[in-house]
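Me: Please take a close look at a single part of this structure, and then show how that part connects to the rest. I would like the cut-offs behind each term stated as you go.

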Amino acid sequence: MPVMHFHVVWPDQTQTRCYSPSLVVQDYLQVGHSYPLHDFLQRSHEALHIASERVRAKYGFACSQAMDQWAEIEHLAAPFQTQADAQVLVTAFS
């Protein structure tokens, strides 16, 4: 399966390179687009879940690295949950 990374900028301007085991993330996120935090979390969770299930369909087991990435995204997003205008910018796919 083709691995993809998506690069994001958090509301505090820190940057993170996120992992996906599938290109499906391109169906949920767009480079150059800022997403409200809640929307970004929903989109990235769904994309990573689908990517993990694609790994399961092909290899017989879910992708633990995709679920680890989701846990990291949740952790990184936590400080911004109380900011009503928090936005996450997707800067690149690689």
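Reply: Ala71 is partly exposed, having a relative accessible area of 41%. On this scale, buried stands for under 20% relative accessible area, exposed for over 50%, and partly exposed for what lies in between, with a 1.4 Å probe and protein chains only. The model is a predicted one, in which local features need pLDDT of at least 70 and side-chain atom pairs count only at pLDDT 80 or more, while totals for chains, interfaces and linings use all residues. Residues are numbered from 1 along each chain as its sequence is written, and side-chain values use heavy atoms, with hydrogens and water left out.

Ala71 belongs to helix α2, which spans residues 64–77. Helices (H or I, at least four residues) and strands (E, at least two) are DSSP runs numbered from the N terminus.

Contact here means heavy atoms within 4.5 Å. The axes of α1 and α2 come within 9 Å and cross at roughly 170°. Axes are lines fitted to C-alpha atoms, for helices over the stretch in contact, and angles run from 0 to 180 degrees between N-to-C directions. The two helices are therefore roughly antiparallel to each other, on a scale where angles under 35 degrees count as roughly parallel, over 145 as roughly antiparallel, 65 to 115 as roughly perpendicular and the rest as oblique.

The sheet is the next element to consider. It is an open sheet of 4 strands in the order β2-β1-β4-β3, with antiparallel pairing. The edges are taken by β2 (15–20) and β3, each with a single partner strand, so one side of each is left without a neighbour in the sheet. From one strand to the next, the twist averages 35°. Two strands pair if DSSP finds at least two bridges between them. Strand β1 (residues 4–9) is joined to β4 (residues 87–93) by 4 bridges, with Val9 partnered by Leu89. Leu89 is also the bridge partner of Ser34, where β3 (residues 34–36) pairs with β4 over 3 bridges. The hairpin of β1 and β2 has 5 residues between the strands, and Gln13 takes a positive phi near 75° there. Between β1 and β2 there are 6 bridges; Phe6 is partnered by Cys18, and Val9 stands opposite Gln15.

Helix α1 (residues 37–59) packs on this sheet, touching β1, β2, β3 and β4, and its direction makes about 100° with that of β3. Helix α2 also packs on the sheet, touching β1 and β2, and its direction makes about 155° with that of β2. Strand β1 is largely enclosed by the rest of the structure, because 5 of its 6 residues are buried.

The largest nonpolar core has 27 residues, and those with the most contacts inside it are Phe6, Val8, Trp10, Leu29, Leu37, Phe40 and Ile73. Such a core is a set of buried Ala, Val, Leu, Ile, Met, Phe, Trp, Tyr and Cys residues joined through side-chain atoms within 4.5 Å. At least two residues of the core come from each of β1, β2, α1, α2 and β4, and α1 gives the most, with 7 residues.

Leu29 sits in the loop between β2 and β3 and is buried, at a relative accessible area of 3%. Apart from neighbours within four places in sequence, Leu29 is in contact with Phe6, Tyr35, Phe40, Arg43, Val90 and Phe93. Leu29 and Ser44 are 15 residues apart in sequence, with 7.6 Å from C-alpha to C-alpha.
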